[in-house]
Amino acid sequence: MTRVLIIDDDPTTSTTLAAVVRRQGWEHHICGDLASAWKVLRETPFDSVLLDLGLPDGDGTDLLQRLRRSPPGELPDAKTPVLVISARSQLRSRLTALDLGADGYVIKPVHLEEVSAILRALLRRRTTLSAGQIAHKDLVLDPNSRFVQRGGQAVELTEQEFAVLLALLEDRPRPLSRAEILERTGNRVGDGGAVEVHVHHLRKKLGDELIQTVRGVGYRIPTDSAS
């Protein structure tokens with residue numbers, strides 16, 4: 001059973017997030033401060049964490065950094081996906097959280113559908129990370145090392161380009177809309193216009209035929225590149 005830890009001291013928000021988790025058929029546990037959250041993380045494995053930043057006994061980024069420094073083979077798992085949910089809307093706050101290891105950032109008040117979609121994306125991504133490399137024709141992508149190779153040649157991608165490519169590869173050949181790509185990448189790549197820019201750069205680096213535009217829908221990686 002999928003377990004999600006909710007770390008938020010606001011009863012209204014934590015109740016809302018708990019409803020989101022239950023709707024997916026998952027288990028949840030709520031903590032209202034950093035100390036109790038860390039204690040629970042040391043005792044119980046979780047598949048994802050929903051983390052507020054402004055907590056009574058400190059900043060949520062402190063727990064985030066501590067989690068990412070956790071030794072291999074011990075609880076908590078340093079690779080546990082973390083979705084920050086905060087009222088801090090400043091760009092600096094979002095970038096800081098992402099740079100410290102957050103997998104996504106949602107600004108309060110939350111939209112239930114958005115949180116659900118990002119959580120599902122993070123859990124799918126974790127499954128992919130455990131599975132190892134993804135191969136598509138002569139393209140090889142390693143989610144763990146963020147290594148990309150095409151035709152035997154290594155290709156340098158930005159973090160945003162990598163996130164878009166991974167989302168499209170995971171769902172191939174199903175097309176993804178710009179909104180779905182944003183959700184699948186945890187809102188890490190910018191807005192819908194930014195997705196178009198990243199796709200343009202991916203085509204320049206990996207070939208025009210790899211990513212197909214589906215008019216009125218979005219983008220996809222077809223099973224047959226000639227289709």
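User: What makes β8 and β9 count as paired strands, and in which sense do they run?

Analyst: Two strands pair if DSSP finds at least two bridges between them. Strand β8 (residues 134-136) is joined to β9 by three bridges, and the two run antiparallel. Strands here are DSSP runs of E with at least two residues, helices are runs of H or I with at least four, and both are numbered from the N terminus. This is a predicted model, in which local features need pLDDT of at least 70, side-chain atom pairs count only at pLDDT 80 or more, and totals for chains, interfaces and linings use all residues. Residues are numbered from 1 along each chain as its sequence is written, and side-chain values use heavy atoms, with hydrogens and water left out.

User: Which residue stands opposite His136, and what lies between β8 and β9?

Analyst: His136 stands opposite Leu139 in β9. The two strands form a hairpin with two residues between them, and Lys137 in the turn has a positive phi of about 55°.

User: How many bridges join β9 to β10?

Analyst: Four bridges join β9 to strand β10 (residues 147-150), again with an antiparallel run. Leu139 has Arg150 as its bridge partner in β10. This hairpin has four residues between its strands, and Arg146 in the turn has a positive phi of about 60°.

User: Why is Asp142 listed without a salt bridge?

Analyst: A salt bridge is a side-chain nitrogen of Lys or Arg within 4 Å of a carboxyl oxygen of Asp or Glu. For Asp142, the nearest side chain of opposite charge is Lys79, 9.0 Å away, so Asp142 has none. Lys and Arg count as positive and Asp and Glu as negative, while His and the chain ends are not counted. Asp142, in strand β9 (residues 139-142), is also buried. With contact meaning heavy atoms within 4.5 Å, Asp142 touches Gln133, Phe147 and Phe162, not counting residues up to four places away in sequence.

User: How do you know that Glu27 and Arg3 form a salt bridge?

Analyst: Their N to O distance is 3.6 Å, so the pair meets the cut-off. Glu27 in strand β2 and Arg3 in strand β1 are 24 residues apart.

User: Why are the buried residues of α3 said to line one face?

Analyst: In helix α3 (residues 60-68), Gly60, Thr61, Leu63, Leu64 and Leu67 are buried. Seen down the axis, they fall within an arc of 155°, so they line one face of the helix. The arc is that of the directions from the helix axis to the C-beta atoms.

User: Which strands stand at the edges of the five-stranded sheet?

Analyst: The open sheet has the order β2-β1-β3-β6-β7, with parallel pairing. β2 (27-31) and β7 (104-107) stand at the edges, each with a single partner strand, so one side of each is left without a neighbour in the sheet.

Methods:
Buried < 20%, exposed > 50% of the residue type's maximum accessible area, 1.4 Å probe, protein only.
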